[in-house]
Amino acid sequence: MSDENPSAVMLRLLQGAWVTQSLHVVASLGIADRLTDGPRTSQELAAEAGAHADSLHRVLRYLVSLGVFAGDDTSGFRLTPLSELLRSDAPNSARDRALMYGTYNYRAFGELLHTVRTGETAFDHLYGMPAYEYIGAHPEIARSFNRQMQTGAPFFTHLADQYDFSGVRTVVDVAGGNGTLLATLLTAVPGLRGILFDADHVVEAAQDNLRTRGVLDRCELVGGSFLDGVPEGGEVYTLSRILHNWNDETCDRILERCHQAMDTGATLLILERLIPEDGSPGVALAGDLNMLAVFSGRERTATEFRTLLDKAGFDLSGQRELPPDTSLLIARKR
């Protein structure tokens, strides 16, 4: 147990909103991108970003104290490994996540007490519609959300190492977003073909990404809703961080639609953060609150996933860990 004064610990915890908003400010102003070529003063950064110099200086000074940036107005502020992640071109950029966490996500958490009192999702209460409906109605937010869902998934590169795709002809990525997971698999497994399935506007936007990755000619793009049906024809189906967005009833329906599309013995690969069964700390516990407040979903334990899968006609046959914090659940259709 830490020897730190409990009052100091509590104060730091209560200041978490200040950290979120400070990171949102520098992400919105593109500060990390502006420091790519070297140190800059807050005055120089403010002039470029259209910001108030003294106010920006104070935010940067605070973030320096947290290790996000380094330097000061004498030597110039500069990037650290943390702020490198706020660059828009970083391989695993957190910039879009900072934009989301500091805007509609942040405001929804202001209504968390309402959720705890009533069970109604805070986002729905605040905005009068579910989060995905809101995101879909705002194209720029939708583009940002899809980018952060894909760039925030470094485990993609490890999937082909943890599951043997030899002998698999076609993989169907259900709700596959901009196709980054599918493109990663097709790049790693020559000869594999893919079906990217998501909403019409999502798969249409995914073409450029798949073309850039050099795999568009090995992909079929199918638009639709997984609540209505899922494309047939795959030996392997993937659901990457999809089920945690939904309550058990909706997950039942998604898994049923997958089951209907799959041949007996076909494989369903589920990638999710798992809540530890033993009550130990884990990133999924914080993620579960995000699901509670914003998306009407929940993070789950492996046992809870096994129950969902069994009800839908799947046997959970294996579990692998993908760095940094994702589990691969391997299920077979009965």
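The backbone nitrogen of Arg95 lies 3.2 Å from a polar atom of the Ser93 side chain, and the backbone oxygen of Arg87 lies 2.8 Å from a polar atom of that side chain. Polar contacts of this kind are pairs of N or O atoms within 3.5 Å; within protein, one atom must be able to donate a hydrogen and the other to accept it, and residues adjacent in sequence count only if both atoms are side-chain atoms. The model is predicted, so that local features require pLDDT of at least 70 and side-chain atom pairs pLDDT 80 or more, whereas totals for chains, interfaces and linings use all residues. Residues are numbered from 1 along each chain as its sequence is written, and side-chain values use heavy atoms, with hydrogens and water left out.

Ser93 occupies the loop between helix H6 (81-84) and helix H7 (95-101); helices (H or I, at least four residues) and strands (E, at least two) are DSSP runs numbered from the N terminus. With a relative accessible area of 7%, Ser93 is buried, the classes being buried under 20%, exposed over 50% and partly exposed in between (1.4 Å probe, protein chains only). Tyr101 is found in helix H7 and is partly exposed, at 32% relative accessible area. Contacts, defined by heavy atoms within 4.5 Å, link Tyr101 to Thr20 and Tyr106 when neighbours within four places in sequence are set aside. Tyr101 and Thr20 are 81 residues apart in sequence, yet their C-alpha atoms are 7.0 Å apart in space.

An unreviewed UniProt entry places the feature "domain: O-methyltransferase dimerisation" at residues 12-86. UniProt positions are given in the numbering used here, feature names are shortened, and annotations may be inferred rather than shown by experiment. Over residues 12-86 the chain is 60% helix and 11% strand, with 23 Å between the end C-alpha atoms.

Aromatic side chains form 12 pairs in the structure. Rings of Phe, Tyr and Trp (its six-membered ring) are paired if their centres lie within 6.5 Å, and planes under 30 degrees apart count as stacked, over 60 as edge-to-face and the rest as tilted. Phe123 and Tyr127 form a stacked pair, 4.4 Å centre to centre with 25 degrees between the planes. These two residues are separated by about one helical turn because they are four residues apart in helix H10 (residues 122-127). Phe123 counts as buried, at 0% relative accessibility. The pair of Tyr163 and Phe165 is edge-to-face, because the ring centres are 5.0 Å apart and the planes lie at 75 degrees. Tyr163 is buried at a relative accessible area of 10%, and Phe165 is buried at 3%. One aromatic cluster is formed by Tyr132, Phe145, Phe226, Trp246 and Phe295.

Nonpolar cores are sets of buried Ala, Val, Leu, Ile, Met, Phe, Trp, Tyr and Cys residues joined through side-chain atoms within 4.5 Å. The largest has 30 residues, of which Val174, Leu239, Leu255, Leu268 and Phe314 touch the most other members. Elements giving two or more residues to this core include strand S3 (170-174), strand S6 (236-240), helix H16 (248-261) and strand S7 (267-272). Apart from neighbours within four places in sequence, Leu239 is in contact with Val174, Ile254, Leu255, Cys258, Leu268, Leu269, Ile270 and Leu271. A second, separate core of 26 residues includes Phe155, Leu181, Ala206 and Leu271.

Leu292, in helix H17 (residues 283-295), is partly exposed at 35% relative accessible area. Beyond residues up to four places away in sequence, Leu292 touches Leu112, Thr115, Thr121 and Gly297. Leu292 and Cys258 are 34 residues apart in sequence and 25 Å apart in space, C-alpha to C-alpha.

Several loops carry particular backbone features. Ser296, in the loop between H17 and H18, has a positive phi near 65 degrees although it is a residue other than glycine, and is partly exposed at 31% relative accessible area. Ala175, likewise not a glycine, has a positive phi of about 55 degrees; Ala175 lies in the loop between S3 and helix H14 (180-188) and counts as buried at 17% relative accessibility. A cis peptide bond with omega of about 5 degrees joins Pro323 and Pro324, and Pro324 is placed in the loop between S8 and S9.
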